[in-house]
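Morning, everyone. I have one structure to show today, and I will keep it short. Please look at the screen.

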Amino acid sequence: MDSETNKKLPVTDPLKSEGKEKNGSAMTKQGAYAAISYMASAVLLVMFNKAALSSYSFPYANVITLFQMLCSCLFLYVLKFWKIISFTTSEPQNMSNNPARLVSFKTLLHSLPLALSYLLYMLITMESVRAINVPMYTTLRRTTVAFTMIVEYLLTGQKHSLRVVGSVGIIILGAFVAGARDLSFDAYGYAVVFVANICTAVYLASIARIGKSSGLNSFGLMWCNGIICGPILLFWTSIRGDLEAMRNFPFLFSPGFQDLFTIGFGWILFGGLPFDLMNVVGQSLGFFGSCLYAYCKLKGQ
């Protein structure tokens, strides 16, 4: 009887099952760490840019963008050199660490439209940070998902579930409510943010169309963006005289201007943030809609 039962019941190795469970929990922790790191980096980056452009009135946004691109390329190269990351999904182990050979010239040409859309997105986004206060910037930038959905529908005919569309509707409603009671309303600032949203949607659509066919992963695409856009931006800031003029900026060597950690308290320093209950309600609606959208996408709804 026991032997017959053993034949019918599947035999599983408890050690293998335990390993799979540990693997699953490890992947979950890794994803959580990545999400938290991305969120912290994004917040600090916005705070830094806002502090430099508004609190210190640094007039050379293109220079900030250039140095951020250079730092990004440097970090990517170091991580690639230490074999922590790769630029393609199937990369040979004997891949050269020569920066000129990390990505082929043919691949660079293939990713050129993506890189140019990235450059436009970066420049417009930097101007939008300068033009509007941080809370409203964050609220309005959440509406990017609506622009992205429209671009995806126009290019590929992709449709989304009612729950996803509903969550995006809440985000847009929150932006309208917050904007209607924004006591520091600036038409130019709002217009620039929405142009930045359109540029972001075009960039994301370009990733979907060009990124997959290039054979590069996210790190590889970031590398191509920096390698292509860096020289363009360097040339542009040079002929405009931004790099030379930056040397005469009065706060260039100020500890407050150079210390990255002080900008975490940047919101205290920013003017133009008067309190209004409906404005806070609108921002809260936008945040709730973003969480609902993320949940729906996570569940595949």
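I will go from the whole chain down to a few residues.

This is a predicted model: local features need pLDDT of at least 70, side-chain atom pairs count only at pLDDT 80 or more, and totals for chains, interfaces and linings use all residues. Residues are numbered from 1 along each chain as its sequence is written, and side-chain values use heavy atoms, with hydrogens and water left out.

The overall fold, then. The protein chain has 14 helices and 0 strands. Of the 301 residues, 37% count as buried. Buried means under 20% relative accessible area, exposed over 50%, and partly exposed in between, with a 1.4 Å probe and protein chains only. The accessible surface comes to about 18,400 Å². Carbon and sulfur atoms hold 68% of that surface. Areas come from the Shrake-Rupley method with a 1.4 Å probe; for residues, only the protein chains shown count as cover.

Now contacts, meaning heavy atoms within 4.5 Å. Take those with a separation of 6 or more: 81% are between residues 24 or more positions apart.

Next, the annotation. An unreviewed UniProt entry places "transmembrane region" at several spans, including 187-207 and 219-239. Such annotations may be inferred rather than shown by experiment. In the model, residues 187-207 are 100% helix, with end C-alpha atoms 30 Å apart. Residues 219-239 are also 100% helix, and their end C-alpha atoms lie 30 Å apart.

F105, L109, L112, L116 and I232 make a nonpolar patch of about 460 Å². Helices α4 (105-110) and α5 (112-131) each give two or more residues to the patch. L109 lies in α4. L109 counts as partly exposed because its relative accessibility is 48%.

What about S117, buried or exposed? S117 sits in α5 and is buried, at 11% relative accessible area. Its side chain reaches the backbone oxygen of L114 at 2.7 Å. Leaving aside neighbours within four places in sequence, S117 is in contact with V202, Y203 and S206.

Last stop, α6, residues 134-141. How many of its 8 residues are buried? The count is 6, so by that cut-off this helix is mostly covered. Among the buried ones are M136, Y137 and L140.

That is my tour. Questions, please.

Key: Patches are made of residues with over 30% relative accessible area and no salt bridge: like charges are joined within 9 Å, nonpolar side chains (Val, Leu, Ile, Met, Phe, Trp, Tyr) within 5 Å. A salt bridge is a side-chain nitrogen of Lys or Arg within 4 Å of a carboxyl oxygen of Asp or Glu. Helices (H or I, at least four residues) and strands (E, at least two) are DSSP runs, numbered from the N terminus. A polar contact is a pair of N or O atoms within 3.5 Å; within protein, one must be able to donate a hydrogen and the other to accept it, and residues adjacent in sequence count only if both atoms are side-chain atoms.
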